[in-house]
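Please look over the sequence and the model shown here before reading on.

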Amino acid sequence: MNREKMLEGAIGIWRKAVLPVAQKQRIELTSETELRAPPMVLFIGNHSSGKSSLINHLLGHNAQRTGVAPTDDGFTFLFYGEQNEQLDGEALSSNPEMPFSGLRRFGAGLLRHIRGVSVKAPILKRVWLIDSPGMIDAGAEAQRPYEFGKVVRHIAEQADLILLLFDPEKPGTTGETLQVLSQHLGGMEDRLRIVMNKMDLFADIRDFARAYGALCWNLSRTLRAQDLPHIYTTMIPGPDRAGLSPESFTTALDELREDINALPQRRADNRVTRMLHDGREVYMRAGVTEALRGKLHALLTRIAGATAGVGVLCGVGWMTTLNIVQPDARFGAHLLWSVTLLLLLTGAGLFGRKLYRDAQRHYQSDLDRIFEETFQELLMQPGRRADLIHAWSNARPEFERIFSVFGLRKLGRVRPAELQLLKEAIEVDLPEMRRDAPEP
Ligand SMILES: Nc1nc2c(ncn2[C@@H]2O[C@H](COP(=O)(O)OP(=O)(O)O)[C@@H](O)[C@H]2O)c(=O)[nH]1
Ligand SMILES: [Mg+2]
(Lines give C-alpha, C1' and ligand atoms only; values in the text may rest on other atoms or scores of the structure.)
(Ligands and ions follow the chains in the order given, each with its own letter.)
Protein backbone atom coordinates (compact mmCIF):
# COMPACT_ATOMS: atom_id res chain seq x y z
CA MET A 1 0.00 0.00 0.00
CA ASN A 2 1.55 3.31 -0.95
CA ARG A 3 1.24 6.43 1.10
CA GLU A 4 -1.41 8.15 -1.02
CA LYS A 5 -3.59 5.07 -0.80
CA MET A 6 -2.96 4.95 2.92
CA LEU A 7 -4.17 8.54 3.25
CA GLU A 8 -7.32 7.80 1.26
CA GLY A 9 -7.96 4.67 3.33
CA ALA A 10 -7.50 6.62 6.53
CA ILE A 11 -9.88 9.35 5.32
CA GLY A 12 -12.44 6.58 4.65
CA ILE A 13 -12.17 5.34 8.24
CA TRP A 14 -12.30 8.89 9.48
CA ARG A 15 -15.47 9.62 7.54
CA LYS A 16 -17.16 6.49 8.87
CA ALA A 17 -16.00 6.34 12.47
CA VAL A 18 -14.87 9.80 13.56
CA LEU A 19 -16.95 12.35 11.67
CA PRO A 20 -20.45 11.20 12.75
CA VAL A 21 -19.49 11.27 16.42
CA ALA A 22 -17.76 14.63 16.05
CA GLN A 23 -20.91 16.07 14.49
CA LYS A 24 -23.03 14.90 17.39
CA GLN A 25 -20.53 16.37 19.79
CA ARG A 26 -20.54 19.60 17.75
CA ILE A 27 -16.78 19.46 17.29
CA GLU A 28 -15.48 21.28 14.25
CA LEU A 29 -12.99 18.94 12.67
CA THR A 30 -10.38 19.33 9.99
CA SER A 31 -12.14 19.13 6.63
CA GLU A 32 -11.29 16.53 4.02
CA THR A 33 -9.92 19.25 1.75
CA GLU A 34 -7.60 20.20 4.58
CA LEU A 35 -6.53 16.61 5.09
CA ARG A 36 -5.71 16.25 1.40
CA ALA A 37 -3.96 19.62 1.12
CA PRO A 38 -0.37 19.86 -0.07
CA PRO A 39 2.35 19.95 2.59
CA MET A 40 2.70 23.33 4.26
CA VAL A 41 5.48 25.11 6.09
CA LEU A 42 4.63 27.78 8.64
CA PHE A 43 7.22 30.45 9.44
CA ILE A 44 6.88 32.08 12.84
CA GLY A 45 9.07 34.25 15.05
CA ASN A 46 9.52 37.86 16.01
CA HIS A 47 9.29 40.57 13.47
CA SER A 48 12.51 41.12 11.57
CA SER A 49 13.91 37.74 12.57
CA GLY A 50 14.07 37.05 8.84
CA LYS A 51 10.92 35.06 8.06
CA SER A 52 10.10 36.92 4.88
CA SER A 53 13.75 37.01 3.81
CA LEU A 54 14.02 33.24 4.26
CA ILE A 55 10.84 32.70 2.26
CA ASN A 56 12.12 34.92 -0.55
CA HIS A 57 15.40 33.04 -0.51
CA LEU A 58 13.64 29.68 -0.79
CA LEU A 59 11.43 30.98 -3.59
CA GLY A 60 14.34 32.56 -5.40
CA HIS A 61 12.03 35.50 -5.84
CA ASN A 62 11.24 38.62 -3.85
CA ALA A 63 7.61 37.83 -3.18
CA GLN A 64 7.45 39.11 0.38
CA ARG A 65 8.36 42.54 1.66
CA THR A 66 11.24 42.56 4.12
CA GLY A 67 12.63 45.18 6.44
CA VAL A 68 13.59 46.13 9.94
CA ALA A 69 10.31 47.88 10.74
CA PRO A 70 7.29 45.60 11.25
CA THR A 71 6.20 45.22 7.63
CA ASP A 72 3.44 42.71 7.98
CA ASP A 73 0.47 42.46 10.24
CA GLY A 74 -1.11 39.42 8.66
CA PHE A 75 -0.58 35.94 7.27
CA THR A 76 0.43 35.23 3.68
CA PHE A 77 -0.21 31.87 2.05
CA LEU A 78 2.11 31.27 -0.88
CA PHE A 79 1.29 28.66 -3.50
CA TYR A 80 2.24 27.84 -7.04
CA GLY A 81 0.81 29.71 -10.01
CA GLU A 82 2.03 30.48 -13.52
CA GLN A 83 0.96 34.06 -12.97
CA ASN A 84 1.58 36.17 -9.95
CA GLU A 85 -1.86 36.65 -8.46
CA GLN A 86 -3.25 37.84 -5.15
CA LEU A 87 -6.33 36.62 -3.31
CA ASP A 88 -7.82 38.37 -0.33
CA GLY A 89 -8.82 36.53 2.84
CA GLU A 90 -12.46 36.37 1.81
CA ALA A 91 -11.66 34.74 -1.53
CA LEU A 92 -9.03 32.45 -0.02
CA SER A 93 -11.22 31.10 2.75
CA SER A 94 -14.41 30.73 0.74
CA ASN A 95 -12.89 28.73 -2.10
CA PRO A 96 -14.01 25.13 -1.47
CA GLU A 97 -10.98 23.76 -3.28
CA MET A 98 -8.59 25.59 -0.98
CA PRO A 99 -7.91 24.10 2.45
CA PHE A 100 -8.57 27.34 4.31
CA SER A 101 -12.27 27.36 5.12
CA GLY A 102 -11.38 26.68 8.77
CA LEU A 103 -10.02 30.24 9.01
CA ARG A 104 -13.50 31.67 8.68
CA ARG A 105 -14.36 30.77 12.23
CA PHE A 106 -11.93 33.44 13.46
CA GLY A 107 -14.05 36.17 11.97
CA ALA A 108 -13.77 39.06 9.57
CA GLY A 109 -10.99 40.63 11.63
CA LEU A 110 -8.70 37.82 10.60
CA LEU A 111 -9.95 37.56 7.02
CA ARG A 112 -8.87 41.15 6.44
CA HIS A 113 -5.38 40.12 7.55
CA ILE A 114 -4.74 37.14 5.38
CA ARG A 115 -3.94 36.91 1.72
CA GLY A 116 -2.98 34.28 -0.78
CA VAL A 117 -0.25 34.86 -3.32
CA SER A 118 0.59 32.64 -6.26
CA VAL A 119 4.20 32.67 -7.39
CA LYS A 120 5.92 30.80 -10.17
CA ALA A 121 8.60 29.24 -7.98
CA PRO A 122 9.51 25.53 -8.29
CA ILE A 123 9.54 24.86 -4.55
CA LEU A 124 5.85 25.78 -4.40
CA LYS A 125 5.03 22.81 -6.60
CA ARG A 126 6.08 20.63 -3.69
CA VAL A 127 5.08 22.64 -0.63
CA TRP A 128 3.10 25.73 0.29
CA LEU A 129 4.70 28.36 2.49
CA ILE A 130 2.97 30.50 5.12
CA ASP A 131 4.46 33.79 6.29
CA SER A 132 3.22 35.29 9.55
CA PRO A 133 3.34 38.59 11.41
CA GLY A 134 5.79 39.01 14.30
CA MET A 135 4.90 37.02 17.35
CA ILE A 136 5.33 39.39 20.23
CA ASP A 137 5.65 42.90 18.88
CA ALA A 138 4.94 45.11 21.85
CA GLY A 139 1.33 46.15 22.05
CA ALA A 140 0.41 44.34 18.86
CA GLU A 141 -1.50 41.61 20.63
CA ALA A 142 -4.05 44.04 22.03
CA GLN A 143 -4.48 45.82 18.70
CA ARG A 144 -4.93 42.76 16.58
CA PRO A 145 -8.53 42.29 15.53
CA TYR A 146 -8.17 38.51 15.90
CA GLU A 147 -6.84 36.09 18.48
CA PHE A 148 -3.29 35.65 17.32
CA GLY A 149 -2.46 32.62 19.47
CA LYS A 150 -5.51 30.65 18.44
CA VAL A 151 -5.02 31.48 14.78
CA VAL A 152 -1.38 30.41 14.93
CA ARG A 153 -2.40 27.18 16.59
CA HIS A 154 -5.02 26.51 13.95
CA ILE A 155 -2.58 27.11 11.11
CA ALA A 156 0.18 25.18 12.87
CA GLU A 157 -2.12 22.20 13.22
CA GLN A 158 -2.45 22.15 9.48
CA ALA A 159 1.24 22.63 8.79
CA ASP A 160 3.66 19.77 8.27
CA LEU A 161 6.64 21.81 9.38
CA ILE A 162 6.84 24.78 11.73
CA LEU A 163 9.96 26.91 11.50
CA LEU A 164 10.51 29.13 14.51
CA LEU A 165 13.00 31.87 13.77
CA PHE A 166 15.18 33.56 16.34
CA ASP A 167 17.05 36.74 15.90
CA PRO A 168 20.36 37.12 17.77
CA GLU A 169 20.06 40.89 17.49
CA LYS A 170 17.34 40.74 20.15
CA PRO A 171 18.42 38.08 22.63
CA GLY A 172 16.06 39.49 25.26
CA THR A 173 13.02 38.37 23.28
CA THR A 174 13.95 34.69 23.29
CA GLY A 175 12.21 33.82 26.54
CA GLU A 176 9.07 35.66 25.57
CA THR A 177 8.89 34.07 22.14
CA LEU A 178 9.23 30.67 23.75
CA GLN A 179 6.44 31.47 26.12
CA VAL A 180 4.12 32.15 23.20
CA LEU A 181 5.36 28.94 21.72
CA SER A 182 4.63 26.81 24.74
CA GLN A 183 1.25 28.45 25.24
CA HIS A 184 0.00 27.89 21.75
CA LEU A 185 2.03 25.12 20.16
CA GLY A 186 2.14 22.51 22.92
CA GLY A 187 2.16 18.98 21.56
CA MET A 188 3.46 19.98 18.12
CA GLU A 189 7.13 19.52 18.90
CA ASP A 190 7.42 16.74 16.34
CA ARG A 191 7.11 19.16 13.46
CA LEU A 192 8.92 22.07 15.03
CA ARG A 193 12.38 23.19 13.87
CA ILE A 194 14.33 26.13 15.19
CA VAL A 195 16.09 28.57 12.89
CA MET A 196 18.73 30.74 14.49
CA ASN A 197 19.11 33.32 11.80
CA LYS A 198 21.49 36.22 11.11
CA MET A 199 24.53 34.21 12.12
CA ASP A 200 26.69 36.75 10.34
CA LEU A 201 25.92 39.23 13.10
CA PHE A 202 27.94 37.39 15.74
CA ALA A 203 31.25 39.09 16.33
CA ASP A 204 33.07 35.93 17.32
CA ILE A 205 32.57 32.35 18.33
CA ARG A 206 32.18 33.15 22.04
CA ASP A 207 29.32 35.45 21.23
CA PHE A 208 27.68 32.72 19.24
CA ALA A 209 28.25 30.03 21.88
CA ARG A 210 26.62 32.21 24.52
CA ALA A 211 23.51 32.85 22.41
CA TYR A 212 23.25 29.22 21.32
CA GLY A 213 23.59 27.98 24.88
CA ALA A 214 20.91 30.36 26.10
CA LEU A 215 18.58 29.28 23.33
CA CYS A 216 19.01 25.57 24.14
CA TRP A 217 18.51 26.22 27.83
CA ASN A 218 15.33 28.14 27.19
CA LEU A 219 14.07 25.52 24.77
CA SER A 220 14.66 22.67 27.17
CA ARG A 221 12.75 24.51 29.86
CA THR A 222 9.83 25.35 27.60
CA LEU A 223 9.21 22.26 25.51
CA ARG A 224 7.48 19.17 26.73
CA ALA A 225 9.24 16.86 24.29
CA GLN A 226 12.20 14.78 25.37
CA ASP A 227 14.53 15.86 22.58
CA LEU A 228 15.45 19.33 21.49
CA PRO A 229 14.17 20.14 18.02
CA HIS A 230 16.79 20.50 15.32
CA ILE A 231 18.37 23.95 15.29
CA TYR A 232 19.40 25.36 11.94
CA THR A 233 22.02 28.07 12.22
CA THR A 234 21.50 30.13 9.13
CA MET A 235 22.36 33.33 7.42
CA ILE A 236 20.47 34.57 4.46
CA PRO A 237 22.87 35.71 1.78
CA GLY A 238 22.88 39.44 1.13
CA PRO A 239 25.28 42.07 -0.10
CA ASP A 240 26.30 43.39 3.30
CA ARG A 241 26.84 40.09 5.10
CA ALA A 242 30.27 39.01 6.29
CA GLY A 243 31.24 38.00 9.83
CA LEU A 244 31.60 34.40 10.97
CA SER A 245 32.43 31.92 8.21
CA PRO A 246 29.39 32.40 5.97
CA GLU A 247 29.73 29.10 4.07
CA SER A 248 28.74 26.90 7.00
CA PHE A 249 25.56 28.89 7.45
CA THR A 250 24.53 28.68 3.86
CA THR A 251 25.11 24.92 4.19
CA ALA A 252 22.58 24.93 7.02
CA LEU A 253 20.21 26.71 4.65
CA ASP A 254 20.68 23.91 2.13
CA GLU A 255 19.90 21.35 4.82
CA LEU A 256 16.77 23.25 5.70
CA ARG A 257 15.77 23.24 2.06
CA GLU A 258 16.23 19.46 1.95
CA ASP A 259 14.09 19.08 5.04
CA ILE A 260 11.35 21.05 3.26
CA ASN A 261 11.75 19.11 0.03
CA ALA A 262 11.22 15.84 1.86
CA LEU A 263 7.85 16.98 3.17
CA PRO A 264 5.69 15.56 0.38
CA GLN A 265 6.80 12.10 1.50
CA ARG A 266 5.97 12.77 5.11
CA ARG A 267 2.68 14.43 4.36
CA ALA A 268 0.46 11.34 4.40
CA ASP A 269 1.96 10.25 7.71
CA ASN A 270 1.41 13.66 9.22
CA ARG A 271 -2.19 13.75 8.12
CA VAL A 272 -2.94 10.33 9.58
CA THR A 273 -1.28 11.47 12.79
CA ARG A 274 -3.59 14.45 12.80
CA MET A 275 -6.64 12.25 12.26
CA LEU A 276 -5.51 10.08 15.15
CA HIS A 277 -5.02 13.08 17.36
CA ASP A 278 -8.43 14.55 16.50
CA GLY A 279 -10.06 11.13 16.71
CA ARG A 280 -8.72 10.64 20.23
CA GLU A 281 -10.12 13.96 21.29
CA VAL A 282 -13.53 13.13 19.84
CA TYR A 283 -13.42 9.76 21.58
CA MET A 284 -12.60 11.26 24.96
CA ARG A 285 -15.25 13.94 24.70
CA ALA A 286 -17.96 11.57 23.52
CA GLY A 287 -17.00 9.03 26.19
CA VAL A 288 -17.29 11.59 28.96
CA THR A 289 -20.55 12.99 27.58
CA GLU A 290 -22.14 9.57 27.43
CA ALA A 291 -20.88 8.63 30.89
CA LEU A 292 -22.47 11.80 32.20
CA ARG A 293 -25.66 11.09 30.34
CA GLY A 294 -25.66 7.57 31.78
CA LYS A 295 -25.32 8.82 35.33
CA LEU A 296 -28.10 11.38 34.92
CA HIS A 297 -30.35 8.82 33.28
CA ALA A 298 -29.83 6.43 36.15
CA LEU A 299 -30.78 9.20 38.55
CA LEU A 300 -33.86 10.09 36.48
CA THR A 301 -34.92 6.45 36.49
CA ARG A 302 -34.62 6.34 40.28
CA ILE A 303 -36.63 9.54 40.65
CA ALA A 304 -39.29 8.25 38.28
CA GLY A 305 -39.36 4.95 40.16
CA ALA A 306 -39.81 6.67 43.52
CA THR A 307 -42.55 8.90 42.11
CA ALA A 308 -44.36 5.91 40.66
CA GLY A 309 -44.04 4.15 44.04
CA VAL A 310 -45.68 7.12 45.76
CA GLY A 311 -48.45 7.05 43.14
CA VAL A 312 -49.11 3.35 43.63
CA LEU A 313 -49.22 3.71 47.41
CA CYS A 314 -51.73 6.54 47.08
CA GLY A 315 -53.80 4.47 44.71
CA VAL A 316 -53.90 1.60 47.18
CA GLY A 317 -54.85 3.97 50.01
CA TRP A 318 -57.52 5.52 47.83
CA MET A 319 -59.10 2.16 46.98
CA THR A 320 -58.94 0.98 50.56
CA THR A 321 -60.60 4.15 51.81
CA LEU A 322 -63.40 3.76 49.28
CA ASN A 323 -64.00 0.24 50.51
CA ILE A 324 -64.27 1.15 54.16
CA VAL A 325 -66.15 4.45 54.18
CA GLN A 326 -69.92 4.89 53.94
CA PRO A 327 -71.23 5.66 50.40
CA ASP A 328 -72.16 9.25 51.34
CA ALA A 329 -68.54 9.94 52.44
CA ARG A 330 -67.07 8.78 49.13
CA PHE A 331 -67.07 12.21 47.55
CA GLY A 332 -64.97 13.52 50.45
CA ALA A 333 -62.58 10.56 50.12
CA HIS A 334 -62.14 11.19 46.39
CA LEU A 335 -61.45 14.84 47.04
CA LEU A 336 -59.00 14.15 49.81
CA TRP A 337 -57.04 11.55 47.90
CA SER A 338 -56.88 13.46 44.65
CA VAL A 339 -55.60 16.54 46.45
CA THR A 340 -53.08 14.39 48.35
CA LEU A 341 -51.94 12.70 45.16
CA LEU A 342 -51.63 15.99 43.34
CA LEU A 343 -49.58 17.51 46.15
CA LEU A 344 -47.33 14.48 46.45
CA LEU A 345 -46.69 14.28 42.72
CA THR A 346 -45.99 18.00 42.44
CA GLY A 347 -43.64 17.75 45.39
CA ALA A 348 -41.88 14.75 43.92
CA GLY A 349 -41.57 16.52 40.57
CA LEU A 350 -40.06 19.65 42.13
CA PHE A 351 -37.78 17.66 44.37
CA GLY A 352 -36.72 15.44 41.47
CA ARG A 353 -35.94 18.44 39.31
CA LYS A 354 -33.79 19.93 42.00
CA LEU A 355 -31.99 16.63 42.52
CA TYR A 356 -31.36 16.38 38.80
CA ARG A 357 -30.02 19.92 38.50
CA ASP A 358 -27.79 19.49 41.53
CA ALA A 359 -26.46 16.24 40.13
CA GLN A 360 -25.76 17.83 36.75
CA ARG A 361 -23.86 20.65 38.43
CA HIS A 362 -22.03 18.19 40.62
CA TYR A 363 -20.96 16.00 37.71
CA GLN A 364 -19.86 18.97 35.65
CA SER A 365 -17.56 20.09 38.40
CA ASP A 366 -16.22 16.60 38.62
CA LEU A 367 -15.38 15.92 34.97
CA ASP A 368 -11.85 14.81 35.69
CA ARG A 369 -13.08 12.01 37.89
CA ILE A 370 -15.65 10.96 35.29
CA PHE A 371 -12.87 10.94 32.73
CA GLU A 372 -10.73 8.72 34.97
CA GLU A 373 -13.66 6.38 35.60
CA THR A 374 -14.68 6.13 31.96
CA PHE A 375 -11.21 5.54 30.58
CA GLN A 376 -9.83 3.45 33.42
CA GLU A 377 -8.84 0.66 31.10
CA LEU A 378 -6.89 2.87 28.68
CA LEU A 379 -5.30 4.84 31.48
CA MET A 380 -3.93 1.69 33.00
CA GLN A 381 -2.13 0.60 29.84
CA PRO A 382 1.60 0.97 30.33
CA GLY A 383 3.04 4.32 29.31
CA ARG A 384 -0.23 5.91 28.25
CA ARG A 385 -1.46 7.68 31.31
CA ALA A 386 0.55 10.90 31.01
CA ASP A 387 -0.33 11.40 27.33
CA LEU A 388 -4.02 10.73 27.86
CA ILE A 389 -4.27 13.05 30.83
CA HIS A 390 -2.46 15.74 28.88
CA ALA A 391 -4.76 15.30 25.88
CA TRP A 392 -7.79 15.44 28.14
CA SER A 393 -6.68 18.61 29.88
CA ASN A 394 -6.16 20.19 26.44
CA ALA A 395 -9.60 19.09 25.27
CA ARG A 396 -11.45 19.94 28.47
CA PRO A 397 -11.95 23.74 28.16
CA GLU A 398 -13.55 23.47 24.72
CA PHE A 399 -15.59 20.51 25.91
CA GLU A 400 -16.94 22.53 28.82
CA ARG A 401 -17.67 25.48 26.57
CA ILE A 402 -19.69 23.40 24.11
CA PHE A 403 -21.37 21.66 26.99
CA SER A 404 -22.49 24.84 28.66
CA VAL A 405 -23.65 26.39 25.38
CA PHE A 406 -25.68 23.40 24.18
CA GLY A 407 -26.37 21.28 27.25
CA LEU A 408 -26.59 17.55 27.28
CA ARG A 409 -29.82 17.30 25.33
CA LYS A 410 -28.55 19.07 22.22
CA LEU A 411 -25.46 16.90 22.04
CA GLY A 412 -26.75 13.95 20.03
CA ARG A 413 -26.55 10.63 21.78
CA VAL A 414 -23.60 8.52 20.71
CA ARG A 415 -24.57 4.86 20.87
CA PRO A 416 -22.19 2.30 22.41
CA ALA A 417 -21.66 0.71 18.98
CA GLU A 418 -20.58 4.06 17.53
CA LEU A 419 -18.23 4.62 20.40
CA GLN A 420 -16.80 1.15 19.91
CA LEU A 421 -16.26 1.78 16.20
CA LEU A 422 -14.48 5.02 17.00
CA LYS A 423 -12.33 3.29 19.58
CA GLU A 424 -11.29 0.65 17.06
CA ALA A 425 -10.46 3.34 14.52
CA ILE A 426 -8.10 5.19 16.83
CA GLU A 427 -6.71 2.25 18.73
CA VAL A 428 -6.33 -0.25 15.89
CA ASP A 429 -7.21 0.76 12.31
CA LEU A 430 -5.47 4.11 11.93
CA PRO A 431 -2.29 3.16 13.85
CA GLU A 432 -2.02 -0.08 11.85
CA MET A 433 -2.38 1.73 8.56
CA ARG A 434 0.49 3.97 9.41
CA ARG A 435 2.61 1.01 10.41
CA ASP A 436 1.84 -0.94 7.24
CA ALA A 437 2.68 1.79 4.76
CA PRO A 438 6.21 1.42 3.40
CA GLU A 439 8.81 3.99 4.29
CA PRO A 440 9.24 6.46 1.45
N1 LIG B 1 22.52 40.47 8.73
C2 LIG B 1 21.48 39.75 8.38
N3 LIG B 1 20.29 40.36 8.16
C4 LIG B 1 19.23 39.61 7.81
C5 LIG B 1 19.34 38.21 7.67
N6 LIG B 1 18.11 37.74 7.32
C7 LIG B 1 17.29 38.81 7.23
N8 LIG B 1 17.97 39.93 7.50
C9 LIG B 1 17.44 41.32 7.51
O10 LIG B 1 16.59 41.47 8.64
C11 LIG B 1 15.54 42.38 8.33
C12 LIG B 1 14.21 41.80 8.65
O13 LIG B 1 13.94 40.72 7.78
P14 LIG B 1 12.49 40.23 7.41
O15 LIG B 1 12.66 39.07 6.50
O16 LIG B 1 11.64 41.36 6.94
O17 LIG B 1 11.97 39.75 8.82
P18 LIG B 1 10.48 39.29 9.23
O19 LIG B 1 9.87 40.44 9.92
O20 LIG B 1 10.74 38.16 10.18
O21 LIG B 1 9.78 38.87 8.01
C22 LIG B 1 15.67 42.73 6.85
O23 LIG B 1 16.27 43.98 6.76
C24 LIG B 1 16.59 41.64 6.31
O25 LIG B 1 17.38 42.10 5.25
C26 LIG B 1 20.61 37.58 7.94
O27 LIG B 1 20.80 36.38 7.87
N28 LIG B 1 21.63 38.41 8.28
MG1 LIG C 1 7.94 39.58 7.36
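In this predicted model, an N or O atom in the side chain of Lys 51 lies 2.8 Å from an oxygen atom of ligand 1. The distances are set out below.

| Residue | Atom of the residue | Distance to an oxygen atom of ligand 1 |
|---|---|---|
| Lys 51 | side-chain N or O | 2.8 Å |

Ligand 1 by itself would expose 580 Å², of which the protein buries 88%. Around the ligand there are 18 residues, and those that come nearest are Ser 48, Ser 52, Ser 53, Gly 67 and Asp 200. This shell consists of ten polar, four charged and four nonpolar residues.

A separate topic is the packing of two helices. The axes of helix α12, residues 263–324, and helix α14, residues 367–374, cross at roughly 100° and come within 9 Å. Because angles of 65 to 115 degrees count as roughly perpendicular, α12 is described as roughly perpendicular to α14. On the α12 side, the contact is formed by Met 284, Gly 287, Val 288, Ala 291, Leu 292 and Lys 295. Helix α14 contributes Leu 367, Ile 370, Phe 371, Glu 373 and Thr 374. By class, the residues of this contact comprise seven nonpolar, two polar and two charged.

Note on methods. Residues are numbered from 1 along each chain as its sequence is written. Chains are lettered from A and ligands numbered from 1 in the order in which they are written. This is a predicted model: local features need pLDDT of at least 70, side-chain atom pairs count only at pLDDT 80 or more; totals for chains, interfaces and linings use all residues. Side-chain values use heavy atoms; hydrogens and water are left out. A residue is near a molecule or strand if one of its heavy atoms lies within 4 Å of it. A polar contact is a pair of N or O atoms within 3.5 Å; within protein, one must be able to donate a hydrogen and the other to accept it, and residues adjacent in sequence count only if both atoms are side-chain atoms. Accessible areas come from the Shrake-Rupley method with a 1.4 Å probe; for residues, only the protein chains shown count as cover. Ala, Val, Leu, Ile, Met, Phe, Trp, Tyr, Cys and Pro count as nonpolar, Asp, Glu, Lys and Arg as charged, and the others, Gly among them, as polar. Axes are lines fitted to C-alpha atoms, for helices over the stretch in contact, and angles run from 0 to 180 degrees between N-to-C directions. Helices (H or I, at least four residues) and strands (E, at least two) are DSSP runs, numbered from the N terminus. Angles under 35 degrees count as roughly parallel, over 145 as roughly antiparallel, 65 to 115 as roughly perpendicular and the rest as oblique. Contact means heavy atoms within 4.5 Å.
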